[in-house]
Amino acid sequence: MLNASKHLLFILAPLVVVFALLPGVYQNHLLLFNFVIFLILAQGVNIIYGFTGYLPFGYVGFFGAGAYGFAIMVMHLQTPAPLAVLVGGLVAIALGLLLTPLLRLSGAYFAIANLAASLAVLHFVANPALEGITKGPYGVSLTGTFNPTHAYYAAVVVMALTVGAVIYLKNSPFGLALQAVREDAVSASMAGVNIIKMRMIAWLASALVAGLAGGIYAWYVSVFYPDNVFSGEFSIFAIVFALFGGVATITGPIVGVLILYGIYNLIGFTTPQYFQLIYGLLIMGLVLFLPAGLVSLATRRGWHVP
Amino acid sequence: MTYALVAGVLFGLYFSLVGIGLNLVFGVMRIVNLAHGDILMLGAFIALGVVGIAGIDPLFAVPLAFVVFVLAGVLLYWVLVPRLQGSANPEMLSIILFFGLSQVIEAVTTIFAGTSERSIQSRLLGTVFTTIKVKWFGGKAAGAGPIQIFGQGFPAPWVIAAITSLIAIGLVYLYLYHTRLGTLTRAVMSRRDEALATGIDVDRVSAAAFGIGLGIAAVAGVFAPFMFGSVTPAFGADATVTSFAIVVLGSLGNPLGTALGGVVYGLCYMLVQTYLSSWADLLPYVLLIVILLLRPSGLLGRRVRVA
């Protein structure tokens with residue numbers, strides 16, 4: 001476990017320190033918060049896609065479920081915010097359990113079914129018939145718990161946990177077993193790996209972090225509509241950030257978020273369609289010329305990238 | 001009830017047309033064309049262009065859209081697919097690649113056309129028929145009013161779209177089962193590597209299928225402004241998911257199953273909309289998941305799935 005402590009010391013610790021200190025020197029707290037949220041989501045995608053090969057095209061379903069779990073706890077039971085965030089995570093796990101049959105599907109089928117599942121959850125939550133519980137399409141307003149500072153630090157904590165989980169996967173027999181399942185499920189099960197249990201754990205872990213992120217997001221913004229928290233952009237951004245850096249590594253998704261989300265904030269707000277164009281071209285170029293992500297530039301030269 | 005059923009069949013036929021191109025592309029190349037809905041959207045913009053610039057019946061946009069997108073499809077195939085097929089996991093990466101393409105298409109359309117909703121007056125569709133009728137048989141130029149089926153009036157564009165869809169599906173059937181290229185296409189569909197080994201020019205056959213798939217999508221797009229009321233550059237994403245529901249319902253990799261899938265989908269959609277309207281939006285997604293889990297090979301499918 002020497003490597004693990006090295007990774008904790010040189011990757012996780014600086015990341016947490018930087019994001020914990022930045023609000024003091026940089027004024028745009030919303031931007032910092034979004035960076036942290038996308039770091040969590042990109043690493044969550046990394047856990048499920050990088051280590052098990054399931055592409056979660058509807059990853060935002062967990063995020064939205066977490067946000068609504070938070071909102072319902074606060075609205076109906078007046079729960080304190082941190083507890084409600086935990087409930088958001090549990091709601092996402094419950095949704096993950098509900099969707100475990102999807103893991104039977106493979107490849108593109110899983111991705112499409114997952115996308116459909118997230119849209120189904122969106123339309124379920126936004127259904128006017130459920131206005132009494134979720135406020136339907138009219139959105140929720142949670143001014144009572146509004147506290148962006150606490151929410152920001154909660155997000156940093158969840159980010160630390162998520163990156164910690166990825167470091168664990170990268171350095172443990174469990175993570176190695178998962179990658180074996182990804183490469184060849186039959187051989188892995190012959191070698192004594194319990195495939196179903198392994199996949200379930202990775203799937204639920206990635207659901208949990210997205211749910212926690214969703215709950216914290218709800219806490220931070222406090223006013224939102226179903227279309228905001230179930231926006232397909234979260235899934236897509238998280239997947240593309242993770243892929244851009246390189247999945248099944250610790251640093252890849254972090255690099256991806258910092259670079260791509262940085263570019264997004266430089267040009268995306270003023271001229272969204274030009275950003276969309278550049279972004280689309282970037283994705284296509286990435287798949288065609290660099291399918292293993294930015295880190296493959298280094299690994300091709302024989303450098304080891306954590 | 002009759003209204004819902006007939007409308008369901010009319011919409012269903014149209015939905016088959018929407019899905020069939022996607023299925024052809026997936027069946028032949030194992031590529032998930034996430035930009036499918038955006039091709040539809042572009043087809044709709046061709047119809048808008050034909051009406052806006054030439055001021056003629058949007059039906060003339062059908063052959064135009066088809067030819068333009070067959071050519072575009074073949075070109076696109078040669079740029080994107082051979083490289084993609086060479087990568088480690090083409091099926092998965094194709095999702096991301098074509099998502100990128102859909103972003104590019106959406107962005108470019110937004111830059112040139114803006115984000116406002118566009119629609120075409122529905123009476124313009126089919127004016128060519130009334131003109132011909134007046135020229136050849138005399139009589140008065142009546143506006144294309146509702147068409148009577150089983151004593152219920154349906155908007156003329158729905159009927160025209162359904163008939164065009166039937167013709168198009170028939171042509172796809174002819175292409176697949178009664179031409180040499182079609183036979184080769186089916187060979188590539190069932191076993192790509194064996195087809196390659198028998199000396200079939202897999203790339204050329206695939207390029208043709210890709211072009212035809214895109215062409216059909218664009219034809220379906222021509223009718224989109226009439227069937228859905230209006231189109232925006234962002235309309236593509238929803239159309240893609242709906243197409244997937246239809247295709248999976250029929251059976252992935254079997255283009256003719258899509259015709260059945262489309263009709264079943266159209267009927268369900270209309271019935272749910274009539275009796276449980278607030279839940280209608282959920283339908284395509286739930287249907288998609290249930291079918292994938294219970295009968296992953298679709299309603300008509302043999303076990304074509306490798307997984």
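Visitor: What percentage of the 307 residues in chain B do buried residues make up?

Guide: This is a predicted model. A residue is buried if 20 or more other C-beta atoms lie within 10 Å of its own. In chain B, which has 307 residues, the buried share is 51%.

Visitor: How many helices are there in chain B?

Guide: The elements of chain B, read from the N terminus, follow the order α-α-α-α-α-β-β-α-α-α-α-α-α-α. Two strands belong to this chain, and its number of helices is 12.

Visitor: Which helix of chain B gives the most to the side that touches chain A?

Guide: The contact draws 33 residues from chain A and 35 residues from chain B. On the chain B side, at least two residues each come from helix H3 (61-85), helix H4 (90-113), helix H10 (235-250) and helix H12 (283-294). With 16 residues, the one that gives the most is H4(B).

Visitor: What is the radius of gyration of chain A, and why is the chain described as compact?

Guide: Chain A contains 15 helices and two strands. For its 306 residues the globule rule gives 19 Å, and the radius of gyration is close to that value, so chain A is as compact as a globular protein of that length. The C-alpha trace spans about 55 × 45 × 40 Å along its principal axes. The radius of gyration of chain A is 19 Å.

Terms used
Residues are numbered from 1 along each chain as its sequence is written. Chains are lettered from A and ligands numbered from 1 in the order in which they are written. This is a predicted model: local features need pLDDT of at least 70, side-chain atom pairs count only at pLDDT 80 or more; totals for chains, interfaces and linings use all residues. Helices (H or I, at least four residues) and strands (E, at least two) are DSSP runs, numbered from the N terminus. The radius of gyration is taken over C-alpha atoms; the globule rule is 2.2 Å times the number of residues to the power 0.38. Two residues are in contact if their C-beta atoms, placed from the backbone, lie within 7 Å. A residue is buried if 20 or more other C-beta atoms lie within 10 Å of its own, exposed if 12 or fewer, and partly exposed in between; C-beta atoms are placed from the backbone.
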